[in-house]
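Take a moment with the picture below. Then follow the text from one part to the next.

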Amino acid sequence: MAEITHEELEGRMLDILEDICEDDEVRVRRDEDLFALGLLDSMGAIELLVTIEEEFGVSIAPTEVERDEMNTANLIVHQVEIRL
Amino acid sequence: MSFYADPSFFMLLAAAVAGAAFLGLRERPLKRYGLVASAAFLACLFCKDLPGLAVAAGFTVAATLATRWLLASPSSNARFYASVGVVLVPLLSAKVGAVFDQNLLGFAGVSYVTFKALQVLFEVHDGIVGKMGVFDYLYFLLFFPVFTSGPIDRSRRFLEDADAVRPRDEYAGLLARGILLLLAGVVYTFVVAVWLHRFYAPSAWGSGPFVAELGGQVQTAYVYGLYLFFDFAGYSLMAMGASYCFGIRTPRNFRAPFASVDIKDFWNRWNITLSFWLRDFVFMRFSRLALRHRWFKSRLTTACWGFVFDMALMGAWHGLTADYLLYGLYHGLLLAGTEAFQKKSRFYRAHKKSPLFRAASWFVTLQLVMFGFALFSGQVTMLVKGAFHG
C-alpha cells in the first residue's frame, strides 16, 4: 500500500467509525470508550476488523488486542497505524 | 474426590494453599509448585475413575502434540482444522454418548480443558500465540482450581500471572483476596444455595385458580434461578479464590446478573467467561466469515444469525436434550430480537437513557431470564407434557 499520512488515516478511520457506529459523536469524543458509550459492541467490533482488513490490508484477529487497548477512536487509529 | 464438595478436598486445598503461601511470601516462583499440586489434585480427582483418567491423559497428550504440530506451521489451515478436530473428539463423543446414556470418552472437566485447548489453537493459528513451552501448556490446561468447571481463563493472561514472581506485599494482597473469595464462595454455595434449594419443589399445574397456579410456577422458577446463581457463582468464587492463592488471577464469572437491563447485558454478567469465550471464538468468527463472504444482506441480519448460532451451540454444549436446546435457542432469539429492537427502534433511541425506560427494561429482562431458567431446569417441558397428557 502507498504511504498514508497520519491525517489521511485518521480521516478515513473516522469515516469508517461513523458508518459503523451510525453516530457522528465518534468524531468529537475521540478518547472515550466506544463500548461504554454504547456506540460499539461485539458485532460493531468485528465489522471494524473486517473493514480495516479490506481498506488497509491490515489483519487484526478478534482476540489479538485487549479491548482496553482498542476501545477509543484514537486507540483504533493507533492500532492500525503500528501495523501499516 | 469431588472438587469443592468433599471435606477431603478442602483439607487438601488448605495444605496446598499453605505451601503456596510459604513460597509466595518468600518471593519464590509458584509455577512449578502449582503444576505439581495440580498433578496431585488431578490424581485424587481420578483415583476412583481409571477409565476417565486414561481418556483425560490421552486427551492431554493428543492436545499437546496437536498444538506443537500447529505451532510448527501456524498459518496452515489443514493443520488447524485437523488439530481442532482431534481436540473436539472427547467432548463431542461425550455429548452424543450422553443422549444414549453412555459414557463415551467423557471425563470430569472435559468441557473446560477443551475450551482452553481450542483457545490456544485459535490463537496459534491467528499468529498471536507464537511459542509455548510444553510445561506452560500443561499448567494452563491442568491448573486444578478451575479444572472441573471453570472459570475459563485465557492462556496469555494465565501465563503472565504464572511467570510473575511478585514482591511479598503484592502476593500477600493476592493471598488475602484469595482466602476472602474462597470464604465468600463457601457461604454462597453451602449456606445460601443449600437454603434456597429447600424451597425448590417443582410441581405439576394443579387444579386451583389460574392466578394461584401461575404464582406457584413463577415462584418455582425464581427459586431455581436464584439457587442456580448462588450455587454456580459460589463455586466460581471458590475457584477464583484458590487460583489467587497460587498467584493466578482467574477472571470472575458473574457480575450481579439480576441487575441486567437487557439480555445482551445479561450475557455480559452471567457465566461471563463462557459467554466471552463463545463471543470471541464462535460469534466473532462466524460474523467475520459472514461479513467477508457477504452471506447476509445486512449487518443486522448477520448479527442476528450470529447470536442464534452462538447460543444454539451454548445450549447444545449443556447437553443434547430438548430442555437445553430450547434454552439455547430461546436466548439466541432473545439476543437477536434485542439487537433488532435496539438498532431499528426510534423509541429505543429516544428513551434508552430515561430512568423509567431502564427500570421497565430491567423488569422485563428479569422475567425473561427467569423464564429461561424454567426452560433450563425442565420446568416448562414438564408443564407442557402435563398439559398434553392431562
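What is the mean pLDDT of chain A? It is 91, and 98% of the residues of chain A reach 70 or more. Here pLDDT is the predictor's confidence in each residue, on a scale from 0 to 100. This is a predicted model, where local features need pLDDT of at least 70, side-chain atom pairs count only at pLDDT 80 or more, and totals for chains, interfaces and linings use all residues. Residues are numbered from 1 along each chain as its sequence is written, chains are lettered from A and ligands numbered from 1 in the order in which they are written, and side-chain values use heavy atoms, with hydrogens and water left out.

Stay with chain A. Its confidence is lowest in helix α2 (residues 25–28), at a mean of 90. It is highest in helix α4 (residues 73–81), at 94. Helices are DSSP runs of H or I with at least four residues, numbered from the N terminus.

Now look at where the chains meet. In chain A, 18 residues are in contact with 23 residues of chain B; contact means heavy atoms within 4.5 Å. The size of an interface is often given as the accessible area lost when the parts come together. Chains A and B bury about 1,800 Å² between them, 53% of it on carbon and sulfur atoms. That area is found with a 1.4 Å probe and summed over both parts. On the chain A side, Met43(A), Pro62(A) and Thr63(A) lose the most area to chain B, together 32% of what that side buries.

Charges meet here too. Between chain A and chain B there are eight salt bridges, each a side-chain nitrogen of Lys or Arg within 4 Å of a carboxyl oxygen of Asp or Glu. Glu53(A) forms a salt bridge with Arg292(B), with the closest N and O atoms 2.9 Å apart.

Next, turn to a pocket. On a 1 Å grid over the protein atoms alone, a pocket is an open set of points with protein on both sides within 12 Å along at least five of seven lines, and lining residues have an atom within 4 Å of a point. The second largest pocket holds about 930 Å³ of space, a volume filled by probe spheres set on the points. It has 31 lining residues, and the closest to its centre are Val84(B), Phe122(B), Phe281(B), Val282(B) and Leu313(B). The largest share of the lining, 10 residues, comes from α11(B). By class, the lining of this pocket has 23 nonpolar, three polar and five charged residues.

Technical notes. 1 Å grid on protein atoms, 1.4 Å probe; cavity = no way out; pocket = protein on both sides within 12 Å on 5 of 7 lines; lining within 4 Å. Helix = DSSP H or I, 4+ residues; strand = E, 2+ residues; numbered from the N terminus. Nonpolar A, V, L, I, M, F, W, Y, C, P; charged D, E, K, R; others polar. Buried area = accessible area lost by both parts, 1.4 Å probe.
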